[in-house]
Amino acid sequence: MASKNEDDFGIQDLSQSFNELVFSSVTEESSVLPIFSVLSKTSLDLVLDDIKSVNEYVVPPWKKSLKKCSTDKNTHWNDKLLLLDSALETMDGNIIISVILFLKSTLKQNIFFHQLSKRKSAVRHYANYLIINGQFQQLADLYMATGNNANMKQVYYLIGRDVTSKDVLYKRLEQFMVEHMPKVNNNEDKSELFENMHLLPGCALQKEWEKNKNSNEAIMDFKKRLKVDDFGFEWTILNVMASMQLWPQLTATFIKPNWLTKKNTLKTVMNPEIFVYGLSRHKPPKDVLEQYLACISDSEKSLYLAQKLNCHKFVIQHYINQRDRLALIGYKAKVTAPTEEYFLIENALQSTDKKWKN
Amino acid sequence: MKEISKAQLSKIFCVNPNTKNLIIESALIRPLERVCGVKWLKGYGVDKIYKLEGALPNFGANAIFYMIFSDAKVFKQVVNQVRSQIDLENPPKNKFHVIVVPRHLTDFENELEQLGLLYTAITLHSFQWMPFHLDTGILSLEIPSLFNSLFVYQDTKFVPVLSKILWQLCFVIGKPRFIIGLGQFSNALLNQYDQLCEDRGETDKLDSDFGALLVIDRNIDYPSVLLTPGTYTALLSEVYSVNAGVCENKEESIDKLDQKYNPLIDKQVLTFNLDSIQDSIYADIKNRYFTEVTSVLSNLTKQLKSEKLQSKEMALDEIKHYVQTQLQATKQKKKFITNHLLAAESIINILGHRFENQKQVERNIVKDSDKATNLNYLDELLATENDKHITLRLFCLLAITQTLTESEIRSFWHKYLHQFGFSYGFAFTNLINMGFVPEPAQTSSSSSLNLQNKIKIPKFTSSNFYVNAKNLKQIPSDPDKVNVKYPTCASYPYGGSYIPLITQISGMILNSTPIDDIKSKLETFGTFSMRNDRGYPLQSRSVLIYVVGGITYAEIAACNLLETLTGARIYILSDKLVTGNDLMKGILDYPK
């Protein structure tokens with residue numbers, strides 16, 4: 001008893017605060033016209049009567065005919081079809097489902113499916129009803145009987161949807177495959193389904209990585225088996241390494257040193273700017289970032305990015321290489337003193353052996 | 001209209017005149033706030049209000065009213081709660097009531113019947129409030145899963161709710177004389193409306209407040225939803241969740257990295273109403289293009305600062321006067337500005353880095369150029385953003401405009417499933433059902449059933465989109481020239497790339513384009529019907545647009561511009577205010 005009281009108190013507490021804070025109704029005093037000035041009394045009555053009728057279970061005509069059909073011992077075949085067709089015409093999902101369920105209870109299954117299959121909308125409604133109620137076996141039967149073999153894939157996935165435990169998932173999907181595999185005719189679909197079976201340990205590339213940081217082969221093998229997209233793969237690696245701040249490994253993986261021109265390149269399918277953007281989100285130290293900036297071949301873009309990311313040294317170096325003195329002086333304003341970058345500028349400006357353009 | 005909703009709700013509560021307790025699903029709280037307040041509920045005998053949770057405490061003799069959305073899982077939860085409380089052989093009468101919004105379904109009744117509870121222990125009620133007046137010219141029904149059930153699964157269970165709302169609305173506003181219906185479900189709605197008028201009676205108002213009514217399906221114009229908008233409110237709804245006109249984000253997210261080790265960007269915590277009557281600043285910036293909004297806000301902050309400085313130098317009398325008259329207003333203004341600034345900051349943080357690129361790609365798509373670049377961008381987006389809704393959205397946009405070959409679709413889908421998990425595999429069928437992806441060719445042996453499947457006409461083909469858009473002049477020839485600061489073209493919400501369909505149709509109606517012209521242009525979009533009861537050219541320059549499936553703030557902004565340009569009034573009614581991401585959620589997450 002005591003625990004129940006506590007329970008009550010707990011929720012009551014919630015409700016009190018709930019009442020006070022959450023239920024702040026939008027200004028009550030704003031323009032609320034007296035109701036009769038907006039619509040006449042008769043209209044209001046009509047509208048309110050509507051609610052009353054729902055409460056008193058006044059059966060509308062379609063329901064009457066449905067009830068009649070269900071209570072009569074044997075309803076005429078044509079009547080049933082007529083009922084179904086007129087229900088579909090009304091475009092009211094509720095009515096359609098009631099009629100379909102009624103038909104299902106009074107017809108043999110194959111005849112029921114045959115009639116449904118002639119009416120696409122009916123199939124849709126019934127399928128939706130089955131999906132909401134989780135009756136996947138019947139859904140599979142429905143699709144098979146009505147020839148929607150492509151939708152088998154859907155059922156396959158739906159079965160596995162809510163299951164979190166991997167073993168249960170695997171078992172369920174395997175069972176499904178065994179029963180329905182012959183029906184899946186498209187080869188592409190088949191390969192997709194098989195892939196899924198292999199992939200069940202999950203798409204968690206990074207988890208693999210974390211487990212064995214240095215075993216590249218395992219990862220590469222995984223990637224090849226499942227035909228993982230290059231871009232996505234490299235992006236994930238970038239993210240993982242950057243978030244773990246493994247800068248040396250990052251360099252080893254992505255930068256390809258070029259001894260001839262001393263300008264390194266990035267060995268990745270990604271656009272270098274996107275790479276730099278992705279890296280910058282993890283807030284790496286400036287010199288790491290500058291390494292990658294140097295790999296961008298378009299110097300304008302790299303300059304722009306460097307300025308955006310506040311990589312001052314890079315910009316300064318660039319201006320020094322271009323022998324652009326005015327720009328250096330202009331840039332001095334952005335750099336706070338006394339920092340390394342400031343001294344860099346000062347030294348460059350004061351050194352006499354540089355031939356400036358301007 | 002609030003009064004009508006209250007009256008309807010009161011009828012339900014009066015079924016049991018004793019004291020009651022009300023248990024509400026949490027998603028219903030905000031919309032219910034718009035209908036009535038706590039005091040009103042207490043006036044009808046509601047003693048305590050609780051949120052729907054796992055366990056149900058014992059309430060004693062009080063009647064219990066549950067209020068839930070039409071969701072099978074939640075309903076089952078409620079039923080289980082009730083069953084745990086009662087004895088089947090001897091159920092208490094008139095104690096448990098379940099109010100289902102918007103409408104209780106046959107499966108609910110069946111469920112209760114099978115459990116022996118129907119009519120005995122649990123009474124089912126349907127309740128749908130009248131549309132909420134969220135902001136000037138925006139009426140919304142706030143029904144959560146209408147788009148999902150109607151368009152993703154083609155399940156028409158909620159269409160009668162919509163037609164009934166229209167019927168009830170016509171009591172208030174009169175029946176417009178000129179009605180256009182465009183789309184399969186819109187026409188079904190109008191038919192049901194006629195049926196209701198026949199069965200239950202029509203309004204006795206002679207003249208309608210509105211010159212024209214346009215009922216249109218969401219699937220007639222998907223690009224308006226799928227394109228990334230640029231106006232302030234639209235971006236707000238993209239970044240935050242806007243529910244019943246309230247923008248809120250309650251907690252700060254604690255994860256720094258998402259599943260794929262991408263760093264997560266924090267959204268600022270805030271809650272405020274999107275109400276242009278109370279919030280004058282919001283009224284100013286709501287339809288502005290985002291680049292202008294930041295400058296407006298900074299101007300306002302400067303103004304406030306200068307006001308503050310001024311007030312420091314005032315004499316005593318002046319201070320008294322100031323406190324009496326202006327202080328409250330200034331305080332409120334400051335609060336509004338702070339909220340908007342926080343929101344703007346979040347928008348910039350979250351969307352800023354890809355906004356330009358995205359805009360460019362979308363512009364290309366609408367112009368039908370650079371398909372390869374667009375596809376590349378799609379692939380990049382898939383990996384870099386790691387957001388299943390945004391990527392799917394761009395894919396759908398490409399699919400209905402520039403159309404993708406089967407191999408392109410397949411490779412994208414393959415990567416998508418790799419990125420987000422195979423548990424979304426079923427969504428592919430949803431995409432086929434909605435017409436984004438063409439049905440794969442049946443290769444099995446022919447049978448009459450297969451032929452029937454083939455005869456289904458695809459809803460969208462690329463030639464259709466570009467041809468139709470050109471017909472209705474939806475694509476401006478030079479998007480760069482569209483002025484977003486002082487806009488004169490209704491394509492400005494999308495940065496000049498695209499004019500929403502409803503704006504163009506309203507424009508045609510208001511400009512008194514000949515009826516045959518309208519008819520010929522709109523027939524290609526889908527099922528089209530028109531009723532003209534000597535209502536054309538319009539007698540009163542006002543249009544009510546009823547969009548079945550959801551409306552975006554960007555389209556509302558475009559219509560607002562049309563209002564100012566033509567001096568007419570355009571009201572928009574829809575079941576919910578959506579963004580492209582909401583539509584994608586429907587494809588991926590439904591049914592729950």
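The model is predicted, with local features needing a pLDDT of at least 70 and side-chain atom pairs counting only at pLDDT 80 or more, while totals for chains, interfaces and linings use all residues. Residues are numbered from 1 along each chain as its sequence is written, chains are lettered from A and ligands numbered from 1 in the order in which they are written, and side-chain values use heavy atoms, with hydrogens and water left out.

Over in chain B, five strands line up as an open, parallel sheet in the order E2-E1-E3-E4-E5. Strands (E, at least two residues) and helices (H or I, at least four) are DSSP runs, numbered from the N terminus, and two strands pair if DSSP finds at least two bridges between them. Strands E2 (46-51) and E5 (122-126) of chain B sit at the edges with a single partner strand each, so one side of each has no neighbour in the sheet. From one strand to the next, the twist averages 20°. Inside the sheet, E1 (residues 20-24) and E3 (residues 63-69) of chain B pair in the parallel sense over five bridges, and Lys20(B) stands opposite Ala63(B) in E3(B). Helix H4 (residues 72-85) of chain B lies across E3, E4 (96-101) and E5 of chain B, at about 165° to E3(B). Such angles run from 0 to 180 degrees between N-to-C directions, with axes fitted to C-alpha atoms, for helices over the stretch in contact.

Now for the rings: the structure holds 16 aromatic pairs over all chains. Rings of Phe, Tyr and Trp (its six-membered ring) pair if their centres lie within 6.5 Å; planes under 30 degrees apart count as stacked, over 60 as edge-to-face and the rest as tilted. Phe147(B) and Tyr222(B) have ring centres 6.4 Å apart and planes at 85°, so they meet edge-to-face. Both Phe147(B) and Tyr222(B) are buried (under 20% relative accessible area, with exposed over 50% and partly exposed in between, using a 1.4 Å probe and protein chains only). Along with Phe151(B), Phe185(B) and Phe436(B), they form one aromatic cluster.

Conventions: Contact = heavy atoms within 4.5 Å.
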